[in-house]
Every structure is written in structure tokens, then in C-alpha cells.
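Here is a short note for a colleague opening this model for the first time. Please read the points with the structure in view.

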Amino acid sequence: MPGPVRIACFGDSLTEGYGLTPDEALPAVLERGLRDRGIDARCLNFGVSGDTSEDGLERLDRVLDAGPDRVVLAFGANDCFLDDPVDEVAARLSALIEAFRDRDIPVLLAGVNAGLNPDESYRARFEKIFPDLAGRYGLALFPDLLAPYQGDPSLTLLDGLHPNAAGVEAMGRALLPLVADLARGVTP
């Protein structure tokens with residue numbers, strides 16, 4: 001009998017669980033949610049605070065070496081914060097997606113809004129990255145990882161940017177249906 005589905009949660013502080021315990025981080029929340037749904041899964045935490053999609057490319061081999069069956073790809077918040085050129089962010093995310101596709105590892109793409117960026121044109125171009133990539137590669141898309149908690153002070157840490165444990169639970173509840181489909185091998 002096969003073991004649990006191994007899902008690499010690959011991203012930045014939103015994945016890592018900045019300021020939280022490992023059991024409060026998004027991968028642990030998702031794993032509990034999957035088990036509650038009767039899905040035998042192990043969610044691996046490959047989140048690093050402060051990472052951009054460029055850092056993700058540098059860490060890609062470590063993720064691949066872990067032998068995941070599926071990937072939740074969640075970069076973009078720091079790229080946007082640093083005003084990284086939109087075309088470069090899109091190209092790096094595309095390279096990450098292609099690396100997983102080349103190994104037949106299904107990807108769920110998690111986007112982020114660019115609401116904190118003051119440049120309206122940049123925001124519009126940046127936010128198109130995620131639906132464009134999902135469409136190009138036929139990926140399931142969770143459009144905005146920030147939406148379940150952003151703007152609610154009761155769901156953020158004191159910095160007002162990162163989710164607290166309740167905020168991560170809100171993210172997990174919102175993301176869980178797509179992660180459950182990913183774990184079961186349901187494709188968009």
C-alpha cells in the first residue's frame with residue numbers, strides 16, 4: 001500500500017509560518033485539513049521568509065530532492081514588495097512550474113494581490129501573472145493567498161502584513177478544497 005501523498009508547500013513567509021510555531025504554519029494546517037477529509041497526505045514546509053521567486057529557483061533542487069508528489073507554489077509577495085520587474089517574476093515562476101512539470105509533479109499555483117504596491121500600472125501587470133500562468137500551463141489557481149486574512153487586524157501579527165495563527169487557519173480553510181483536489185489528482 002502506498003504511503004501518504006507528499007505535497008511540497010514551496011514559498012515564502014506565508015508558507016513558512018513567519019512568527020508562528022511549525023504546527024501553526026500553513027503546511028501543518030493543510031495537512032490536518034486533508035486528514036480531516038480522509039486524505040493521507042504529508043505537507044512539507046519549503047517556505048523561507050523573505051524569499052522571492054528568484055530565491056525559489058535557487059532552492060529548487062532541495063525541493064526536488066525531497067521527492068514530492070505534488071507542489072503548492074506560493075511566491076510573489078516579496079517580488080512585488082521589492083518591485084521586481086513583472087516579466088522577470090513571470091519568467092521565474094514559469095521556470096519553476098516547468099521544472100515540476102518536467103518531472104510529472106502537479107502544481108497548484110497560489111497568487112497574491114499587489115495591493116500594497118503604490119504603482120497602479122505595476123499592480124495590474126503583476127496580478128495578471130498568476131491567471132496567465134495558470135491558463136498557459138493548465139494549472140489550478142488559488143488567486144490570492146492574502147485575501148483570507150488581509151485587512152483584518154484580528155488575523156494578522158503586529159506588523160499588519162503576516163497572518164497570525166488564526167489568519168493562517170483562514171488561509172488554510174480557503175485553500176483546502178484546491179489542495180484536496182491536488183492531493184487526489186483532480187486536475188482543472
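1. Helix 1 (13–16) and helix 4 (77–81) each supply at least two residues of the lining of the largest pocket. Helix 4 gives the largest share, four residues. Helices here are DSSP runs (H or I, at least four residues), and strands are runs of E (at least two), numbered from the N terminus. On a 1 Å grid over the protein atoms alone, a pocket is an open set of points where a 1.4 Å probe fits, with protein on both sides within 12 Å along at least five of seven lines; lining residues have an atom within 4 Å of a point.

2. This is a predicted model: local features need pLDDT of at least 70, side-chain atom pairs count only at pLDDT 80 or more, and totals for chains, interfaces and linings use all residues. Residues are numbered from 1 along each chain as its sequence is written, and side-chain values use heavy atoms, with hydrogens and water left out.

3. The largest pocket is lined by 23 residues. Ala77, Asn78, Phe81, Leu116 and Leu161 are the closest to its centre.

4. Turn to Asp51. It lies in the loop between strand 2 (41–47) and helix 3 (53–65). Beyond four places in sequence, Asp51 touches Gly11, Asp12, Arg59, Phe75 and Asn78 (contact means heavy atoms within 4.5 Å).

5. The second largest pocket has 17 lining residues. Pro106, Val107, Val186, Thr187 and Pro188 lie nearest its centre. Helix 7 gives the largest share of this lining, three residues.
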